[in-house]
Each structure stands twice: as C-alpha cells, then as structure tokens.
Amino acid sequence: MPKFAANLSMMFNEVPFLDRFAAAADAGFRGVEYLFPYDFPVEAIADLLTRHNLENVLFNLPPGNWAAGERGTTCLPGREAEFRAGVQTAIAYATRLKTTRVHAMAGVVPPGADPAAVEAAYIDNLKYAAAELAPHGITLLIEAINTRDMPGFYLNTQAQSYAVMREVGAPNLKMQMDCYHMQIMEGDLAVKLKKYAAHCAHVQVAGVPERHEPDTGEVRYPYLFELMDTLGYDGWVGCEYRPAGKTVDGLGWFRSLAAAK
C-alpha cells in the first residue's frame with residue numbers, strides 16, 4: 001500500500017494548526033502536507049516534525065493574495081518579481097524542514113489577459129523555479145485543478161500538465177496528480193495513472209464529489225492504491241480531503257489499510 005500523508009490544512013481542524021502535527025502522528029501518520037507554512041516560524045514547524053517523527057512531504061509556493069481569491073502567481077504576467085521572491089521564501093522553509101517537493105499553483109487567469117502572455121509567464125516562471133530548486137534537491141510540482149472549485153484556474157488536465165512539463169524541460173519538474181480534481185475534469189483515473197506514473201512525484205486523494213474521506217463517493221480507491229503498487233509508485237499519497245465529521249472518526253479507511261500491511 002502507498003505511504004499516506006495527512007493534509008493538515010484540511011484534516012484535524014478540531015485543533016489549531018501547530019497542534020495538528022501531534023494529532024496526525026497520534027493517528028498513525030508518518031507524513032504531513034499542507035497548503036502553506038509561511039504564517040508560522042520555520043523553527044517551530046521543524047521542532048514539531050522532529051518531536052513527532054514526521055516527514056513534511058509537500059507544501060505550496062506563496063500563492064499571492066489568497067484572501068482576495070488569488071490561487072498562485074505562476075501564470076500572471078507582470079508578477080514575475082513577486083513569484084521569484086516567493087521561490088526564495090519557499091526554499092528557506094523547504095531546506096530547513098527537509099521538504100523535497102513544493103507545488104507552484106498555476107493561478108487564476110485574469111479577465112482579458114493575453115493568452116500568449118499568460119503562457120509565457122507560466123513557462124518562464126517554472127523554468128526559473130526549477131533551476132533555483134534543483135541545487136537543493138527539491139522537486140517542483142504542477143497540479144491540474146478542476147474549474148468547478150477554482151473557476152478560471154490555468155491548469156486543468158493531466159495532458160496539459162504533461163505538455164507543460166515537456167516544454168519546461170527541467171528534470172526536477174514533475175506532475176502532482178490529484179485524483180479528486182482529475183475525476184471531476186476528465187475521469188479515467190486508472191488509465192491516467194498508468195500513462196503518467198513515470199512523470200508523477202505526488203498523488204492526492206479525496207472522495208468525489210463531496211471531497212470527504214476517500215472511502216466515500218464514486219471513486220473506488222482500494223483499486224487505485226493497488227494499481228499504484230503495481231505501477232511501482234513509491235511516492236506519498238496526500239489525504240487532501242475535508243472530513244465529514246471529526247477527523248479521527250473518519251479514519252477507518254486508513255486504519256484498515258495500515259492493519260493490512
């Protein structure tokens with residue numbers, strides 16, 4: 001079975017963010033991910049990771065003005081300096097937290113933006129980020145996100161992600177395949193995993209359509225987890241879902257898989 005990382009931005013919201021590390025470890029997780037660490041001192045997070053024997057497997061680059069609806073600046077023309085500063089901030093956190101994967105959210109395309117300028121900004125920014133991250137052994141990830149949850153988001157399908165990866169041409173640029181978003185936008189999950197497994201460095205899961213526990217909804221995840229093993233996927237699977245109730249009450253799926261190992 002794959003290695004599962006608790007997403008602390010969505011799970012264990014019964015306690016404040018810094019207390020979620022202990023909660024995840026107590027529940028049996030050995031890896032954690034989250035959207036952003038930047039509101040907290042890096043040393044405080046590093047101490048929690050060490051204390052609870054956790055690996056921080058992923059977080060995102062700074063997203064711009066999240067409260068105003070921005071979801072990344074990678075594709076935004078004219079924001080290159082801000083993006084580059086964000087890359088340096090992410091490196092400072094990732095190197096201290098021993099995080100080897102960071103995700104660059106593509107961003108929401110501004111109304112009326114020139115498509116050619118958007119594409120150029122996106123590709124150039126990814127080339128810069130990949131080059132800056134490489135000496136630190138950090139993999140840069142891009143993720144296709146559905147347009148129902150994020151209208152106007154630039155990157156929407158696995159084929160688009162793969163084409164971008166080929167265009168950038170950086171060895172440390174990989175795909176982040178979120179099965180929740182993939183099911184909503186294109187389905188055919190098993191075929192997509194088989195096709196792009198060699199180019200994927202992180203997988204995320206959630207039930208569809210409610211984005212609750214992965215043992216709810218229309219996707220049969222036990223089959224996909226077995227498929228990942230068959231394909232030789234040895235990365236983490238991020239549990240980026242919103243618990244339907246208390247987090248620990250919905251972890252039956254996780255306990256059963258852990259017990260079967």
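These questions and answers walk through a predicted model.

Trainee: What should I know about the source before I start?
Mentor: Residues are numbered from 1 along each chain as its sequence is written, and side-chain values use heavy atoms, with hydrogens and water left out. The model is predicted, and local features need pLDDT of at least 70, side-chain atom pairs count only at pLDDT 80 or more, while totals for chains, interfaces and linings use all residues.

Trainee: In what order do the eight strands close into a barrel?
Mentor: Strands here are DSSP runs of E, at least two residues long, and helices are runs of H or I, at least four, numbered from the N terminus. Two strands pair if DSSP finds at least two bridges between them. The pairing in this barrel is parallel, and the order is β1-β2-β3-β4-β5-β6-β7-β8.

Trainee: What does the twist average from one strand to the next?
Mentor: Axes are lines fitted to C-alpha atoms, for helices over the stretch in contact, and angles run from 0 to 180 degrees between N-to-C directions. From strand to strand, the twist averages 30 degrees.

Trainee: Which residue of β8 stands opposite Gln 204?
Mentor: Start with the strands: β7 (residues 200-205) and β8 (residues 236-239) run parallel, joined by three bridges. The residue opposite Gln 204 is Gly 238.

Trainee: How many residues of strand β6 are buried?
Mentor: Buried means under 20% relative accessible area, exposed over 50%, partly exposed in between (1.4 Å probe, protein chains only). Strand β6 spans residues 173-178 and is mostly covered. The count is five of its six residues.

Trainee: Which residue in β6 is the bridge partner of Ile 142?
Mentor: β5 and β6 pair in the parallel sense over four bridges. In β6, the partner of Ile 142 is Met 175.

Trainee: Through which helix does the chain cross from β5 to β6?
Mentor: This is a right-handed β-α-β crossover. Right-handed means that, with the strands pointing away from the viewer, the path from the first strand over the helix to the second runs clockwise. The helix covers residues 158-168 and is α5.

Trainee: At what angle does helix α3 run to β3?
Mentor: Helix α3 (residues 80-97) lies across β3 (55-60) and β4 (101-103). Its angle to β3 is about 170 degrees.

Trainee: Why do the buried residues of α8 line one face of the helix?
Mentor: In α8 (residues 221-231), the buried residues are Tyr 221, Leu 224, Phe 225, Leu 227 and Met 228. An α-helix has 3.6 residues a turn, so residues three or four places apart point the same way. The arc is taken from the directions from the helix axis to the C-beta atoms. Down the axis of α8, the buried residues line one face because they fall within an arc of 160 degrees.

Trainee: What do the buried residues of α8 pack against?
Mentor: Contact means heavy atoms within 4.5 Å. The partners are β1 (3-7), α6 (179-185), α7 (189-196), β7, β8 and α9 (252-260).

Trainee: Which peptide bond is cis?
Mentor: Most peptide bonds are trans. Here, one has omega near 15 degrees. Its proline, Pro 209, is found in the loop between β7 and α8. The cis bond runs from Val 208 to Pro 209.

Trainee: Is Asn 53 buried or exposed?
Mentor: Asn 53 sits in the loop between α2 (42-51) and β3. Its phi is positive, near 55 degrees, though it is not a glycine. With a relative accessible area of 58%, Asn 53 is exposed.
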